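Have a look at it first.

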Amino acid sequence: MKRGFFTGFGFLAALGCTGAPDIAVAQTYPSHPIRLIVPYPPGSSTNDILGRALALRLTDALGQQVVVDNRSGASGNVGSELAAKAPPDGYTLLIGVAGPLAVGPSVYRNLGYDPVKDLAPIARVATVPYVMVVNPSVPAGNVKELIALAKAKPGRLNFASSGSGGSPHLCGELFKSMAGIDIVHVPYKGAALGVIDVLSGQVQIFCTGLTALTQHIKAGKLRPIGMASLNRSALMPELPTISEQGLTGFEVNSWTGLLAPAKTPEPIIRRLYDEVARIVNSAEMKTFLFNQGAEPALMDPAQFGAYLKADIAKWAKVVKTAGVKVD
């Protein structure tokens, strides 16, 4: 009887200690500075700006310095791969972006990492709504008119992008597919160059982040056709979405989230999510995001993980239909 009791007791004690190392780590975490990898150059994008803002506020919340480490290259894949292969101890985090994580698996033959298997979602933080615009010379003021024009002139309307395989490119391809029209892709080395040619009228259509186009829209140099998000943007609430104008379910945006290497202890993931949630839900952070042309879009680890998988599947279909390839 005694033997059985102590055997059982030992077994239960072992079970109780199963998660002990993780709990102990979480209780002392963080004990030294944390590296936050931003896979883009300093100051080059909203993602870098948001990453730095989050690092600053996490430093205050965690009591340890969160240091931004810009690792640019291959449209965000260099930094993303570096984070995916880092030790899963909570001391290397990643500012994850839709381009490399959701689109990358479909357009790159050798990505070097698996965004689902090699990264652990912590929180989706914000989205930057996309908007479709045309040069004012284009005789179309809404989605219906633009589709009708494209059908009347197959292959004669062009759409710009910041490069093959990026979100602006796939926005045009998704529009082309859902509308059943023939428009021609014109890739540029960056969004700024694409905007220049749309402003001059050499290219007719562009779909990219609202922040990059707002001043031109307000100046009347570009005509907005519709928001590419499912819901109207608080930044331009009077502009209908493409979805509500007939292409139901049309959605393209750039999202920003926080991730860690896979197998990072769950208590650390939860601690980081709780702090990020407090930050994103604060009035101060909401105002900051709005001023950057972004919108709060908080998701917890499970929601973010499911969203990432769905986004990868969505863009895989678009890439296959369009035949997009990036070496």
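Contact here means heavy atoms within 4.5 Å. By that rule, and not counting residues up to four places away in sequence, T59 touches Q64, Q65 and V66. A quick word on the source: this is a predicted model, where local features need pLDDT of at least 70 and side-chain atom pairs count only at pLDDT 80 or more, while totals for chains, interfaces and linings use all residues. Residues are numbered from 1 along each chain as its sequence is written, and side-chain values use heavy atoms, with hydrogens and water left out.

**Around T59**

You'll find T59 in helix α3 (residues 46-62); helices (H or I, at least four residues) and strands (E, at least two) are DSSP runs, numbered from the N terminus. With a relative accessibility of 15%, T59 counts as buried, a label for anything under 20% relative accessible area, with exposed over 50% and partly exposed in between (1.4 Å probe, protein chains only). The T59 side chain also reaches the backbone nitrogen of V66, at 2.9 Å.

**The cores**

A nonpolar core is a set of buried Ala, Val, Leu, Ile, Met, Phe, Trp, Tyr and Cys residues joined through side-chain atoms within 4.5 Å. The largest one has 52 residues, and M132, L146, F175 and F250 have the most contacts inside it. Elements giving two or more residues to this core include α4 (77-84), α5 (98-107), β4 (119-134) and α6 (143-152). Helix α12 gives the most, with seven residues. As for L146, its contacts include M132, V138, F175 and I225, leaving aside residues up to four places away in sequence. A second, separate core of 35 residues includes L36, Y91, V97 and L289.

**Ring pairs**

How many aromatic pairs does the structure hold? There are four. Rings of Phe, Tyr and Trp (its six-membered ring) pair if their centres lie within 6.5 Å; planes under 30 degrees apart count as stacked, over 60 as edge-to-face and the rest as tilted. Here are two of the pairs:

| Pair | Centre distance | Plane angle | Type |
|---|---|---|---|
| F175 and F250 | 6.2 Å | 85 degrees | edge-to-face |
| W255 and Y307 | 6.2 Å | 75 degrees | edge-to-face |

W255 lies in strand β9 and Y307 in helix α12 (residues 301-322), so their pair ties together parts that are 52 residues apart in sequence. W255 is buried at 0% relative accessibility, and Y307 is buried with a relative accessible area of 17%. Ring pairs also join W255, F304 and Y307 into a cluster.

**Charges over rings**

A charge sits over a ring if NZ of Lys or CZ of Arg is within 6 Å of the ring centre and within 35 degrees of the ring normal. R124 lies over the face of Y307, at 4.6 Å from the ring centre. The charged end of R57 sits over the ring of F288, 5.1 Å from its centre.

**Helix α8**

Which residues of helix α8 (residues 191-200) are buried? Among them are G194, V195, D197 and V198. What covers the buried residues of α8 includes β5 (158-161), β7 and α9 (210-218). After α8 comes G201, whose phi is positive, near 90 degrees.

Notes:
A polar contact is a pair of N or O atoms within 3.5 Å; within protein, one must be able to donate a hydrogen and the other to accept it, and residues adjacent in sequence count only if both atoms are side-chain atoms.
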